[in-house]
Amino acid sequence: MSSSARTKKTVNKDGDDDPNSEYNQEEQIISSAISNGEDLGPIIRKAFSNGKPDILLSSLKNFKKSKEYEIEEVCKIHYQDFITAVDELKDLLSDVDELKSSISSSNSILQSTALPLLNILDSFIESRNVYNNVHVALNSVQICIRLLELCSRVNFHLESNNFYLALKCIDLLENEFLDDGRTPSVTIRRMLEKQIPSMRLFIERKISKEFGDWLVDIRLVSRNLGQLAIGQASAGRQREEELRIKQRQAEEQSRLSLRDCVYALIEEEEEDESGDGVGYDGKEMLYSNGGSGMLGFDLTPLYRAYHIHQNLGLENRFKQYYFENRKLQLTSDFQVSSMTPFLESHQTFFAQIAGFFIVEDRILRTGGGLITKYEVENLWDTAVSKMCSVLEDQFSRMQTANHLLLIKDYVSLLGVTLRRYGYPVHALLDVIGKHRDKYHELLLSESKKLIGEALAADNFEQMMMRKEYEYSMNVLAFQIQTSEIMPAFPYIAPFSTTVPDCCRIVRSFIEDSVSFMSYGGQLEFYDVVKKHLDRLLTDVLDGSLLKLIKSPSVNGVSQAMLVAANMAVLERACDFFFRHAAQLSGIPLRMAERGRKQNPLNNARDAAEEVLSGLLKAKVDGFMTLVENVNWVSEEVPHNGNEYVNEVIIYLETLVSTAQQILPVQVLKRVLKGVLSHISGKIVSILLSDSVKKFNISAITGIDVDVRLLESFADNLSHLFSDEDASQLKLALVESRQLMNLLLSSHPENFLNPVIRERSYNTLDYRKVISISEKLKDSSDSYFGSFGGRGTKQDPKKRSLDALVKRLKDVS
């Protein structure tokens, strides 16, 4: 290396003769590159391209010289070692020749021996390659067969609409042949890469179309489902009502034992439970996932679409799509047609909504998270708000109680149906409760109209019933019979057709009122029903009857008597009305009796009796005009009574014989008492009148006979009245009786004794006594001679009477 360094230095010195020339610089660069062992290719190309190869050749020659010098120096240093090595090589040359000969002979032997084996090896290798190729080919064929089989299964499942199995096969194709790279054919691989997304898209479209068809079908199914569910609720309510009716009948049948009643009721319940096949607890019969329900209610397309979208990785998108579409359907269900009256469309309207939420309840419980409880509650809140708005609007427009009741009944059935599925319905019931007063006002108005029509149609004739069913329908149905014995037919009732007509109207009012209040969220509503029933009886029925009684149509005794008889029967019917209301309201009858008016028809009853009494008094007044025929100064006493009283008694006896067939005993007693009181007052007023200037004791004795005949008439009615009632009838004549007793008394001055007056003359007015007593006085002795007989025996009585009159005048 030192020689090389020195050589380089020498060369450099040689090259430094002209350091500033371009030639020397290039030669120096080339020499440096050659010395450093750099790549000379670029330098050579540059030298020839510049047309200056001489510099390169000169540099190479100089380099060659320097290397020769170095070799020479090295050879000098290692000459001895080289000679020794050459000698050793010569020695080895003979050994190598021997080895070569040995190897050549061994090679010949090996060649001759291994040649057949090599031929066999070549055949083996060729066979092995063929085997490997065949094996690879078989594996590829098997893979292709498996792939094609899966493709064929995919096509088969797609044709059979078995999209889930098709997706499973597609996933298997993707996992086994695309992701793992096992597809032997690039063409098949590309085909799979292109067709697998297309098949998924095809499945998505097909299942979406199927789901869309299901959305269309479920609307009709929901309506039918809602109608069926509400119909079942209605049937259940009807069964409950029938059971209540049977229970009430069982309670009222005293001839049956308690054990028999209980057994009959339990037996009926068992028949109801076993006979229908559709119970409230069996609501699963309304629908079936497999499409085998009563309506073919099938959720399979929905669940299938949901499951397919889950396998496609589109679960959340499908949930959102389902919710939005169902929400749109519900919004569409809220539309109320203005072309169809709500009364005709309300069942479809509410049934559609009921069916919608029955479906949603089923999906919530079995859909595997397709819809959440929160979403269903939101839909229900929206539906309740809309239904309340619709009800408020429709109720405010209705002017017919029956229409409002029909809608209320259907809404309450809707509430019963959906409450069974866990939906809160109190808001709907609150809307119904708000219109309770309006309903009853409409019902009262309609009942008033019906009662007015019934009263206007009355012909004031007793009602004839030819068959037992007519009696049951018009009498027993309202418990207005006076005897438990079935009468003989044809039966003439003691009332006109107005009574059963009005009873039917009132009963219908009660049932409609109870029907409106029932199932409205209020458990105890008897007080409300009773309040409106009181209004119906007091304001409507009593007022209408009062108007009829005061009308010109009631202008005869027979008409007035029949009206009074009707009032008595209606009064008995009022007890039935309140009992009926209590029974329908489900409260004990003893509670219904508390706080009830004794008779809400008092005004009409009193008016009817007053009109009858007035007509009878007018008739009696006609007979009383015969008083003009009385000879007030006759010496003879009419022992058989005066003509007028005989005519009055004949009329009263005829009246009683007729009235006792129609009027109740108490009504007849009150009427007769009023008439007798009127006769008594009339007798007194006649004695007070200016038409009677004077009268003798014989005339007074004749009047006393008349009063006795009237009292005898009252006594003869004992077969109709009790002794107490007969005594009350006689008391109606008390004023005339006391006046006669006073005038015929031997000691008329006892009238001035307060004790005796209070006991025997308490009804007499002293002014009347003065006026009448003065008419008994006469200046002629002959007149007063007849006062109690002839002769001097009359003087004490005369003096007593004169003294009485004088004392009374002094007091006055």
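Proline 490 sits in the loop that runs between helix H15 (468-474) and strand E2 (491-492), and a cis peptide bond with omega of about 5 degrees joins phenylalanine 489 to this proline. Do keep in mind that this is a predicted model.

**Backbone in the loops**
- Most residues other than glycine have a negative phi, and most peptide bonds are trans.
- Glutamine 479 also lies in the loop between H15 and E2, and its phi is positive, near 55 degrees.
- With 33% relative accessibility, glutamine 479 counts as partly exposed.
- Phenylalanine 460 has a positive phi of about 55 degrees although it is not a glycine; its place is the loop between H14 and strand E1 (464-465).
- Phenylalanine 460 is buried, as its relative accessible area is 16% and the cut-off for buried is under 20%.

**Helix H13 and its neighbours**
- In helix H13 (residues 426-434), the buried residues are Leu428, Leu429, Val431 and Ile432.
- Viewed down the axis of H13, these buried residues fall within an arc of 155 degrees, so they line one face of the helix.
- Their packing partners are helix H11 (373-397), helix H12 (401-419), helix H14 (436-456) and helix H16 (498-517).
- On the face of H13 turned away from the buried side, you will find the exposed residues His426 and Lys434.

**A nonpolar patch on the surface**
- Leu118, Leu121, Phe124 and Ile125 make up a nonpolar surface patch, and together they have about 360 Å² of accessible area.
- Phenylalanine 124 belongs to helix H4 (residues 53-159) and, at 48% relative accessibility, counts as partly exposed.

Notes
Residues numbered from 1 in each chain as written. Predicted model: local features only at pLDDT ≥ 70, side-chain atom pairs only at ≥ 80, totals over all residues. Heavy atoms only, no water. Patch = residues over 30% accessible without salt bridge, like charges linked within 9 Å, V, L, I, M, F, W, Y side chains within 5 Å. Areas by Shrake-Rupley, 256 points an atom, 1.4 Å probe, with all protein chains shown as cover. Salt bridge = Lys/Arg side-chain N within 4 Å of Asp/Glu carboxyl O. Helix = DSSP H or I, 4+ residues; strand = E, 2+ residues; numbered from the N terminus. Buried < 20%, exposed > 50% of the residue type's maximum accessible area, 1.4 Å probe, protein only. Arc of directions from axis to C-beta. Contact = heavy atoms within 4.5 Å.
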